[in-house]
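The paragraphs below lead from the overall fold to the nonpolar cores, and from there to individual side chains. Please keep the model open beside the text while reading.

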Amino acid sequence: AQMIGFSEEELYQCAVKNTPRLFPAVINPIEKEILGLGCFENEKSEDDMIREAFDFSAGMPLAVISNDKKSNGASVVLYDNLLSRLADAANADLILLPSSVHEFLAVPYFENVDINKFIGMVKEVNETQVAEEERLSDNVYVFRRKEGLISCLSTFTIRVLNNLCYC
């Protein structure tokens, strides 16, 4: 940062401002991604993509979150207010599944959701489908909309969440 005349904080603020502008978030229902029908930049507004991704009419929604380049897009979960808006559209906290460095998957967290299945799924997919250099994590995360926080789920946290006790 100092080599180019910025403090770390100034460089960070530039990244916070410019990254979403240069690499806009793209949110698609998993079904559209699988069929190759997902939208890209400028096809729909971010609000329209969020509404479509969390449409409960076809069952439990699963959203794919990336950037418009579909490359190194997992970082979009850190964009200002994006997860809050997704959680508001789902009217629930979100379970975040790291698919790879390129994307996250998000599913609404409800009382009947078995988080252990998601943990197993992430580990299995990473071991069998994702190149080691593209693996982000074997962990599953939760975005708690009241607090606006992302937490890594451990065995203890899973028990706490399943008992609907937020500690």
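This is a predicted model: local features need pLDDT of at least 70, side-chain atom pairs count only at pLDDT 80 or more; totals for chains, interfaces and linings use all residues.

Lys69, for its part, is partly exposed, with a relative accessible area of 47%.

Residues are numbered from 1 along each chain as its sequence is written, and side-chain values use heavy atoms, with hydrogens and water left out.

The protein chain contains 6 helices and 6 strands, taken as DSSP runs (H or I, at least four residues, for helices; E, at least two, for strands) and numbered from the N terminus. Along the sequence, these elements follow the pattern α-β-α-α-β-α-β-β-α-β-β-α. Of the 167 residues of the protein chain, 39% count as buried. Among contacts (heavy atoms within 4.5 Å) between residues at least 6 apart in sequence, 60% join residues at least 24 apart.

In soluble globular proteins, nonpolar side chains tend to be buried together. Here the largest nonpolar core has 22 residues, and those with the most contacts inside it are Ile27, Ile65, Leu82, Leu83, Leu86, Leu94 and Leu96; such a core is a set of buried Ala, Val, Leu, Ile, Met, Phe, Trp, Tyr and Cys residues joined through side-chain atoms within 4.5 Å. The elements that give two or more residues to this core are β1 (25-29), α3 (46-53), β2 (63-67), α4, β3 (93-100), β4 (103-109) and β5. The largest share, 5 residues, comes from α4. Apart from this core lies another, of 15 residues, among them Tyr109, Ile115, Ile119 and Val140.

Arg145 lies in the loop between β5 (141-144) and β6 (149-152), whereas Asp88 lies in helix α4 (residues 82-90), so the pair ties together parts that are 57 residues apart in sequence. Arg145 counts as partly exposed at 30% relative accessibility, and Asp88 counts as exposed at 51%. A search of the whole structure finds 2 salt bridges.

Strand β6 contains Ser151, which is buried, with a relative accessible area of 18%. The side chains of Ser151 and Arg144 are joined by a polar contact of 2.8 Å. The term denotes a pair of N or O atoms within 3.5 Å; within protein, one must be able to donate a hydrogen and the other to accept it, and residues adjacent in sequence count only if both atoms are side-chain atoms. Leaving aside residues up to four places away in sequence, Ser151 touches Val140, Tyr141, Val142 and Arg144.

As for cysteines, Cys14 is partly exposed, with a relative accessible area of 32%, and Cys152 is partly exposed at 38%. The count of disulfides comes to 0, a disulfide being a pair of cysteine sulfur atoms within 2.5 Å.

Notes. A salt bridge is a side-chain nitrogen of Lys or Arg within 4 Å of a carboxyl oxygen of Asp or Glu. Buried means under 20% relative accessible area, exposed over 50%, partly exposed in between (1.4 Å probe, protein chains only).
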